[in-house]
Amino acid sequence: MLKYYFRLAWSSIRRNPLLTMLMIGAIALGIGVSMTTLTLYYVMSSNPLPFKSEQVYAVQLDAWDPEEPYYDDDSPPPQLTYGDAAAMMRSDIPTYQATMISRGFSVKTDQPEARPQRVSGRATYGDFFAMFDVPFAYGTGWDRAADDAAERVVVLSKDANEKFFGGTNSVGEVIYMDEQPFRVVGVLASWRPVTRFYDLNTGAFNDPEDVYVPFLVPISLEYGAFGNTNCWKPENIESYEQFLQSECIWVQHWAQLDSAAQKAEFLAFMDGYAAEQNALGRFARPRNNRLSTVTEWLDAREVVSADNTLLVVLSFMFLLICLLNTVGLMLAKFINRAPLVGVRRALGASRLDVISQHAVEVLIVGIGGGLVGLCFAYLGLLAVRSWYEGYEYLAKLDVTMMLVAIALAISAALLAGLYPTWRISRIQPAVHLKTQ
Amino acid sequence: MLKMNDVSKIYTAGLIETHALRSLSLQVDDGEFVAVTGPSGSGKTTFLNIGGLLEAPSSGSYHLDSVDVSKLNDADRSRIRNEKIGFIFQGFNLIPDLNIADNVDVPLRYRRLPAAERKRRIDEALELVGLTSRKQHLPSQLSGGQQQRVAIARAIAGEPKLILADEPTGNLDSLMARQVMELLESINEAGTTIIMVTHDPELARRAGRNIHLLDGQVSDFQPLDPPPEEADKDIADVA
Amino acid sequence: MEIRPILSTLMRNRTGAILIALQIALTMAVIINSVFIILERRDTMARPTGIDIDELVITRVSTVGDDLNVRELIENDMRVLRGIDGVSAVTKISTMPLSGSGSSTSLRSGDQQDSPSFNIGYYQGDRHVLDTLGVEITRGRWFAETEIIYDPAQGLDPAVIVLADSTAEAAFGDGDPIGRFIYTSTGNPIEVIGTYDQMSRPWYNWGDFYDTAIYPHVELNYLYALRVAPGRADELVPTIEQTLADVDPDRLVGGTQTMRSVVDETYQRDVAMNRMLAIVMCLVVVITALGIIGLASFSVAQRRRQIGTRRAVGAQKFHILRYFLVENWLITTGGIVLGLVLSFVINNHLVQTYNFAKLDAVYVPVVVLGLWCVGLLATLGPARSAAQIDPAIATRNV
């Protein structure tokens, strides 16, 4: 019987190809537009560290201006002072923890002809790699001893290793960064979290860094960080030492806490530290220290901008318009056919038969709309990629989103077909049999 | 075959009530060929709609083939229409998108018959109406008389016990009308009960029995009751 | 005119009319909110920066090493850069307007703790900043060569400063700022020696866009901004990068780009947002128009006999045309009223949740007018075909 319904639907579609194309086109456009914006939204808001969503935390301490909160909603600042981060590092409660900053370097290899090249770098603790599940192709990170001694060791990203060593195992080789020799201890495998969640200062959706060095290396070179340095306190800062001791916030700090007990213990440690500092005249604000999961962190920092949310809302309104349109067209088409349905009813078609027949037709329109809509979404994302630099990883349809698109199109079409199908199934056959 | 008792049908449109049938009682036996006549507005079509289970009566009882069908739900009524009743309309009501064979196929599909059985019945029905060679044609490629013969094939393909015909020759010229009439008569002779609504006294005369409706009731006055011998002779001529 | 009978006919065939009215309402809400955002962003992007964006190229050198003679290195670079054909001026400056990175600080207009304070975005640069960027001195004077400090000690506050006019106004109101002092948060005095007309902050979304100042400080890692001959900016980028790289092959030269591309990158998100909104807006109008055409054609087809009857009893073609246009106008207007409410509800939500600006009612009449036109144009086709219906249809095959 289903085959029969398909045949009837097909002949009905062939009878009004323009109307059918209009319906498929309307659904496809609605799907295309809403899937474009939804994909962006979905990728942007996806969890970059899904397997540790309840283990890895952004550490926030509120040592900000007692007169005025950092954020209007009283959230603690997104970064720490150097001194506070160093105090956190002294705790052995977290499974892993790392202070970090972003910093560029000028890199030269041993080749005499080579000109220096700019690389982006991250200065952090050796725990960074284990905490964020960073995969290695060769070698490993470095240990706490290397951290403490500010050893000149470096981990290269896959791309940087490609650039400087042609992709070979470069562990043990030496590269010169800002004219200092660094020994390569590890090379990463391909690693590209969608959001660079651990440091949102310099572009949330940028690539991770090219090179990784121990945190104390740039400190020993008296470097500042690339990114934001915010100061609230009038202080005379006339040396690097004074800068390190200042109330300026400029470093990020993350910790892995595997259990609720561990988390509570560390939060107590943070609060205890704040109370201690309070006695010394710091941390004058109400106690406001925080451990945020990656998702909470990304939400609070509004990584998915209001623009993206608005586009999703507007595009779903557009989809709704397309649906209303389809309802109208389908209703017109079905009602036009009422006399024929009357005949079928007289010949013994039950209401369910009529409903099934039209539902199959609606389904075909939905599937057609979904497939064409996928093409539109693909084009839309292509356009988005050409409009935004660095959106290659964001404006991409994955299998989930494709299935969502098809499912959305079919449910949209079924929704649009619901009323017309119901209407046509309720017609009085007798009314339509008398006149041609 | 068909037994109506005290059947009334009232249509309400806003505040106005129209009594299409008023306590109609009648009976049609198996194998009869009954013509229902009456002026416009006498309730002929309403009678046919209720008899064909297209509408439910407002009150009264209706037994079809000894089954009380006046209280059935929509799905059951659809099933009975499909299995026991064949319709023939004045306007043919063929489905323009479907070819002749597929048109005859429509009621068989709704009976969920297997493909081979459907094919056999389609072939038989089309052969009976003499349109086997036109199987693949669309209704629009056929003359009015041929279209009505397709409609008859469609009505009999389901092997119904009762055929309801509503002015089956109303849109046809006299030659074609006669062919259609002859067809109906042969179907009736094969045992199928036929109830035909018509306002044409010529046709009514050829039926076995006439029921005259007036104001929604059976009227005793039979204006054009033909002498029985005449009718017999006509039928004999046809045979 | 016969609005009442049209209305009563509409009420009896509600579904189609409701569908169209809902579409119009949603369309209206989408369009009003989109237009509003587009125009608002366009205004933001159209703000002048105060500098000659199209005639500037920036580049950056990083030099590593101890005990460098900063001044000598910079002067040597500048000499080489000035020698490039098409380059008319060069300056060493900490950052550029709209580049997205820079510094800001709070200053006070008096030396008391409670003196009024104001926030500025500040640039640090050499003597050539204003000539190169195309900014005019409005009062006082520019830095003397002797006032420029090369490679200043960390945290050193300047002795003299040049303010933007709007900064001077924030500090001193209408009074003459020249020769007066402003104070750092730690109380160090800085003498105001001059003012310039306009130069925006490095960040585009910061309030008090034009409250900036310039310090006479130069560091080695600042960028070079070059003023180039009109129309030659793009073409000169590789030459500039190569020339600078050739000065010393051990130095890293990079980030050479036109100032126009810097600004474009800054506004990239807004431009893309506007494009997406514009596309959605166009599609919405097209889809709605097609929907109106579809349903109007259907309603004409449903009423062929009725129209024929009207014609038969004496209605002219014009009357039939008018009937359908008026009917559509009524539906559209119903949708517009609903859409107005919806638009403001949505905008209100945006204002409260996302800090969007409050909807300006001046766009509303334009959008309403536009939607009326769309509705009437879309109905015109079906209405005209209705007017062509043969009166004889009324008597044909009953």
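**Ground rules.** I count residues from 1 along each chain as its sequence is written, with chains lettered from A and ligands numbered from 1 in the order in which they are written. Since the model is predicted, local features need pLDDT of at least 70 and side-chain atom pairs count only at pLDDT 80 or more, while totals for chains, interfaces and linings use all residues.

**Who touches whom.** I began with contacts (two residues whose C-beta atoms, placed from the backbone, lie within 7 Å). Two pairs of chains touch, and the most contacts are between chains A and C. There, 39 residues of chain A meet 42 residues of chain C. I looked up which elements of chain A give two or more residues to that side, and found α2 (17-44), α11 (306-336) and α13 (351-387). Of these, α11(A) brings the largest share, 18 residues. Helices (H or I, at least four residues) and strands (E, at least two) are DSSP runs, numbered from the N terminus.

Next I took chains A and B, where the contact uses 21 residues from chain A and 23 residues from chain B. On the chain A side, α1 (2-15), α12 (338-346), α13 and α15 (429-433) each supply at least two residues. I note that α12(A) gives the most, with four residues. Chains B and C share no contact; their closest C-alpha atoms lie 11 Å apart.

**Chain C as a whole.** I find 10 helices and 13 strands in chain C. Its radius of gyration (taken over C-alpha atoms) is 33 Å, well over the 21 Å that the globule rule (2.2 Å times the number of residues to the power 0.38) gives for 398 residues, so chain C is more spread out than a compact globule. Along the principal axes, its C-alpha atoms fill a box of roughly 105 × 55 × 30 Å. Buried residues, meaning those with 20 or more other C-beta atoms within 10 Å of their own (C-beta atoms placed from the backbone), make up 39% of the 398 residues in chain C.

**Cores.** I looked for nonpolar cores, which are sets of buried Ala, Val, Leu, Ile, Met, Phe, Trp, Tyr and Cys residues joined through C-beta atoms within 7 Å. The largest has 167 residues, and those with the most contacts inside it are Ile27(A), Ile31(A), Phe318(A), Ala153(B), Val30(C) and Val280(C). A second, separate core of 62 residues includes Phe105(A) and Val294(A). Back at Ala153(B), I left aside neighbours within four places in sequence; its contacts include Val104(B), Ala125(B) and Leu131(B).

**Helix α6 of chain B.** This helix (residues 174-189) has 16 residues and reaches 22 Å from first C-alpha to last, close to the 22 Å expected at 1.5 Å a residue (1.5 Å times one less than the number of residues). Among its buried residues I listed Ala177(B), Leu184(B) and Asn188(B). The buried residues of α6(B) fall within an arc of 160° seen down the axis, so they line one face; the arc is that of the directions from the helix axis to the C-beta atoms. Gly191(B) follows α6(B), with a positive phi near 120°.

**A sheet in chain B.** Four strands make an open, antiparallel sheet in the order β2-β1-β4-β5, where pairing takes at least two DSSP bridges. I marked β2 (16-28) and β5 (67-68) as its edges, since each pairs on one side only. Between β4 (59-64) and β5(B) there are two bridges, and Leu64(B) stands opposite Val67(B).

How values were computed: Buried ≥ 20, exposed ≤ 12 C-beta atoms within 10 Å, placed from the backbone.
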